[in-house]
Amino acid sequence: MGADIKALRTRIKSVDSTLHLTKAMGLVASSKIRGATIAMENSRQYLDAVNEIITQLSSSNECAKSPYMAQNNTGKTKIIIIAGDRGLAGGYNANVFREAAQYSDAEFVPIGKRACERFGKDFVSSEKFSGAESYELAKKLCKEFCDGEFDRLGIICTKYVSMMKQEAVTKWVLPLTKTEPKGGAGILFEPEERYILDTAVPEYVTGMIMGAVRESYTCEVVARRMAMDSAGKNAQTMIDDLQLKYNRARQGAITQEITEIIAGSNV
């Protein structure tokens, strides 16, 4: 009986230590959510403006000659995959890799420690990924696409829907497709449309990459907070159950001692 009480006491202390850890990690994640959300919203506004320009330009017949609208026939796909730098974020990383599994023949460009580990690349942080790094990557990928090294460029990231829902998605970036403009009839571009499009696409790809990184990071900290909240509740439930067992065991031990004392006094 004494051994059981000691084991329960040790177990309670262990779970309580884990509870403090999950609470601390949840607080850290909560402190990062506001800044990450603001950065994500700013990126969305920038992308909306750039997308409007790209849509206007790609609808032009002159821009149909741009290499960024060419349909290459190499049969190769290149995908930027964005995962987290750390774990303990629920299904955040697993959902990204599940989305990537359907593109088994693609060449992946990983961002985030977990993605780099999975695809055997040098470590590139998703949390500290900068605009300059995004621009350098975009220039490199745009040049490779124009040189015909691959057919399609996509981004696998996590889309922020709400605090309770984030989903892994694939966004296709290149080639551009000819679309009907939403408005702005009569817009004049100087110089010619194709020159502006060819100049703007690297900036557009940069914005797509940076926006996806910021949105994925927001999803990561939100998912980590929710995961830590859930883990904290489970730990507290476990402590309550263990405390109940401990109290029962302790009460049983005391009752047994009293019974032995009474029995000894009657001898």
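Author: Helices (H or I, at least four residues) and strands (E, at least two) are DSSP runs, numbered from the N terminus. This is a predicted model, where local features need pLDDT of at least 70, side-chain atom pairs count only at pLDDT 80 or more, and totals for chains, interfaces and linings use all residues. Residues are numbered from 1 along each chain as its sequence is written, and side-chain values use heavy atoms, with hydrogens and water left out.

Reader: Ok, where is Asn 93?

Author: Asn 93 sits in helix H2, residues 92-100.

Reader: Buried or exposed?

Author: Asn 93 has a relative accessible area of 10%, so it counts as buried. Buried means under 20% relative accessible area, exposed over 50%, and partly exposed in between (1.4 Å probe, protein chains only).

Reader: What does Asn 93 touch?

Author: Leaving aside residues up to four places away in sequence, Asn 93 touches Ala 83, Gly 84, Arg 86, Gly 87 and Arg 114. Contact means heavy atoms within 4.5 Å.

Reader: Switching to the sheet. What's the strand order?

Author: The order is E2-E1-E3-E4, an open sheet of 4 strands with mixed pairing. Strand E2 (107-111) and strand E4 (165-174) each have a single partner strand, so one side of each has no neighbour in the sheet. Two strands pair if DSSP finds at least two bridges between them.

Reader: How do E1 and E3 pair, parallel or antiparallel?

Author: Strand E1 (residues 77-82) and strand E3 (residues 152-162) run in the parallel sense, over 5 bridges. Ile 79 has Gly 154 in E3 as its bridge partner, and Ile 81 stands opposite Ile 156 in E3.

Reader: And what about Ile 156 on the E4 side?

Author: There the bridge partner of Ile 156 is Thr 170. E3 and E4 are antiparallel over 9 bridges, and a hairpin of 2 residues joins them.

Reader: Last topic: which residues make the nonpolar surface patch?

Author: Ile 254, Ile 258 and Ile 262, with about 260 Å² of accessible area together. Like charges are joined within 9 Å, nonpolar side chains (Val, Leu, Ile, Met, Phe, Trp, Tyr) within 5 Å. Areas come from the Shrake-Rupley method with a 1.4 Å probe, and for residues only the protein chains shown count as cover.

Reader: Where does Ile 262 lie?

Author: Ile 262 is in helix H5, residues 193-265. Its relative accessibility is 48%, so Ile 262 counts as partly exposed.

Note on methods
Patches are made of residues with over 30% relative accessible area and no salt bridge: like charges are joined within 9 Å, nonpolar side chains (Val, Leu, Ile, Met, Phe, Trp, Tyr) within 5 Å. A salt bridge is a side-chain nitrogen of Lys or Arg within 4 Å of a carboxyl oxygen of Asp or Glu.
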